[in-house]
Amino acid sequence: MYSVTKRIDFCYGHRLLDYRGKCQHLHGHNGRLEIELSSEGLDQRGMVRDFHEIKEMIQRWIDTHLDHKMILREDDPALPSLRRLGEPCFTMADNPTAEALARLIYGMATGLGLPVTAVRLWETPGAFATYQPPSSGPARGSLRGRRAARSQPRRARRQVAPAS
């Protein structure tokens with residue numbers, strides 16, 4: 001199995017409803033996306049997929065929908081006011097957690113025909129969430145090799161990197 005990972009940085013704001021803590025308030029992040037593509041074989045160029053092609057496809061969608069946008073749950077009471085002020089917003093059915101954003105990006109990328117095996121979204125330099133589809137045998141050493149907590153739905157999970 002071959003895999004490649006492309007990193008894309010972007011900025012966004014959000015808040016979490018039905019949550020008690022700092023994230024219940026509007027705030028922002030410098031997000032870092034890592035998207036892993038895998039294939040049993042290589043194309044005629046000797047690649048899983050060209051890094052530039054991955055960037056073009058994913059970055060265009062990120063720039064259009066998420067970068068420098070306020071990402072909110074579709075029933076967020078702040079949404080009408082932000083829209084009235086002309087603030088760029090992106091809405092989701094779920095709370096815009098790092099887990100939900102990773103799952104959203106996974107769905108978008110697979111919809112574009114990319115052979116995505118995992119999406120990791122770093123919310124801060126020390127904390128990330130990973131979404132990967134259910135599989136029978138994760139590859140060791142890849143994003144797929146990280147096990148999800150059994151209690152988390154859809155194999156999405158949040159992790160905190162160890163302090164260095």
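User: What does Ile58 touch, leaving aside neighbours within four places in sequence?
Analyst: This is a predicted model. In it, Ile58 is in contact with Ile8, Leu33, Ile35, Met108, Ala109 and Leu114, once neighbours within four places in sequence are set aside.

User: And which residues have the most contacts inside the largest nonpolar core?
Analyst: Leu33 and Ile58. That core has 31 residues.

User: Which elements each supply at least two residues of it?
Analyst: Strand 1, strand 2, helix 1 (51–65), strand 4, helix 3, strand 5 (116–124) and strand 6 (127–131). Helix 3 gives the largest share, with eight residues.

User: What other core lies apart from it?
Analyst: Another core, of six residues. Met70, Leu79, Leu82 and Cys89 are among them.

User: Switching to strands. How do strand 1 and strand 2 pair, parallel or antiparallel?
Analyst: Antiparallel, over 13 bridges. Strand 1 covers residues 2–14 and strand 2 covers residues 27–39. As one example, Ser3 has Ser38 as its bridge partner in strand 2.

User: How many bridges join strand 1 to strand 3?
Analyst: Three, and these two strands run parallel. Strand 3 spans residues 69–73. There, Ile71 is the bridge partner of His14.

User: Back to Ser38. Buried or exposed?
Analyst: Buried, because its relative accessibility is 9%, under the 20% cut-off.

User: Which side chain does the Ser38 side chain make a polar contact with?
Analyst: That of Thr117, at 3.0 Å. Thr117 is also on the contact list of Ser38, which leaves aside neighbours within four places in sequence.

User: Now Asn95. Where does it lie?
Analyst: Asn95 is in the loop between strand 4 (89–92) and helix 3 (98–111).

User: Why does Asn95 count as buried?
Analyst: Because its relative accessibility is 18%, and buried means under 20%.

User: What does its side chain reach at 2.7 Å?
Analyst: The Asn95 side chain reaches the backbone oxygen of Leu17.

User: And which residues is Asn95 in contact with, beyond neighbours within four places in sequence?
Analyst: Arg15, Leu16, Leu17, Arg73 and Ala100.

Conventions: Residues are numbered from 1 along each chain as its sequence is written. This is a predicted model: local features need pLDDT of at least 70, side-chain atom pairs count only at pLDDT 80 or more; totals for chains, interfaces and linings use all residues. Side-chain values use heavy atoms; hydrogens and water are left out. Two strands pair if DSSP finds at least two bridges between them. Helices (H or I, at least four residues) and strands (E, at least two) are DSSP runs, numbered from the N terminus. Buried means under 20% relative accessible area, exposed over 50%, partly exposed in between (1.4 Å probe, protein chains only). A polar contact is a pair of N or O atoms within 3.5 Å; within protein, one must be able to donate a hydrogen and the other to accept it, and residues adjacent in sequence count only if both atoms are side-chain atoms. Contact means heavy atoms within 4.5 Å. A nonpolar core is a set of buried Ala, Val, Leu, Ile, Met, Phe, Trp, Tyr and Cys residues joined through side-chain atoms within 4.5 Å.
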